[in-house]
Amino acid sequence: MSFLGKLFGGKKEEKGPTTHEAIQKLRETEELLVKKQEFLERKIEVEIQTARKNGTKNKRAAIAALKRKKRYEKQLNQIDGTLTQIEAQREALEGANTNAQVLNTMKDAANAMKLAHKDIDVDKVHDIMDDIAEQHDISREITDAISNNVAFPNDIDEDELERELEELEQEELDKEMIGISVPADNLPDVPATEPVPAKAKPSKEKEEDDDDFKLLKSWAT
């Protein structure tokens with residue numbers, strides 16, 4: 001609009017349709033053209049049947065039917081081309097609309113991220129992370145200090161322990177050699193009463209002496 005038009009209140013510029021409105025109108029136009037196609041296809045089929053019916057009977061009527069068929073086919077071809085253009089335009093608008101929505105979403109996300117980082121200073125973040133790492137190191141040092149056994153320092157001589165163990169093993173071996181290592185609970189129990197002495201069985205030599213004495217006594221008598 002010119003400056004004078006604005007100054008004297010000229011006609012305001014009309015705002016064009018939105019992308020969504022344009023896509024919707026294109027779809028409505030497509031539906032209308034598709035219905036027109038179906039109508040023309042039916043008309044073409046009727047004219048073909050009319051031409052066949054009057055082919056031998058009425059040549060003039062058959063030729064007129066074929067002419068109408070040609071006109072319908074021409075209109076059908078034009079509609080096909082128009083539909084192709086409309087479909088391409090609709091797909092382009094849908095793609096542009098999708099790109100605009102994606103761009104707006106990314107823009108909103110960028111603004112949200114900017115707002116989230118508004119009060120965050122990168123240098124402060126590095127300082128905080130350094131403080132966290134330092135506190136972790138201090139905590140680890142404290143844990144190591146607590147876990148270190150101060151009351152019992154690890155200054156024991158391992159060689160001395162080995163020699164002491166060898167001495168104990170040698171003492172145990174000596175006890176086994178002299179029979180001291182027999183446990184007391186394996187010894188036989190002491191009887192409560194005195195054992196009755198068993199009668200001595202006469203030896204064979206004494207029996208022979210008794211036999212010789214008996215023989216000498218018999219000779220003497």
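In this predicted model, helix 2 passes helix 3 in a left-handed crossing, meaning that the near helix is turned anticlockwise from the far one by less than a right angle. Helices here are DSSP runs (H or I, at least four residues), numbered from the N terminus. Local features need pLDDT of at least 70, side-chain atom pairs count only at pLDDT 80 or more, and totals for chains, interfaces and linings use all residues. Residues are numbered from 1 along each chain as its sequence is written, and side-chain values use heavy atoms, leaving out hydrogens and water.

The two helices pack at an angle of about 160 degrees, and their axes lie 8 Å apart; the axes are lines fitted to C-alpha atoms over the stretch in contact, with angles running from 0 to 180 degrees between N-to-C directions. Helix 2 and helix 3 are therefore roughly antiparallel, a label for angles over 145 degrees.

The largest nonpolar core has nine residues, among them Leu26, Tyr72 and Ile86. Such a core is a set of buried Ala, Val, Leu, Ile, Met, Phe, Trp, Tyr and Cys residues joined through side-chain atoms within 4.5 Å, where buried means under 20% relative accessible area (1.4 Å probe, protein chains only). Helix 2 (19-53) and helix 3 (59-116) each give two or more residues to this core, and the largest share, five residues, comes from helix 3.

Beyond its neighbours within four places in sequence, leucine 26 is in contact with Ile86, Gln89, Arg90 and Leu93, contact being heavy atoms within 4.5 Å. Asparagine 97, in helix 3, likewise touches Thr19 and Ile23 when neighbours within four places are set aside.

Notes:
Buried < 20%, exposed > 50% of the residue type's maximum accessible area, 1.4 Å probe, protein only. Parallel < 35°, antiparallel > 145°, perpendicular 65-115°, else oblique.
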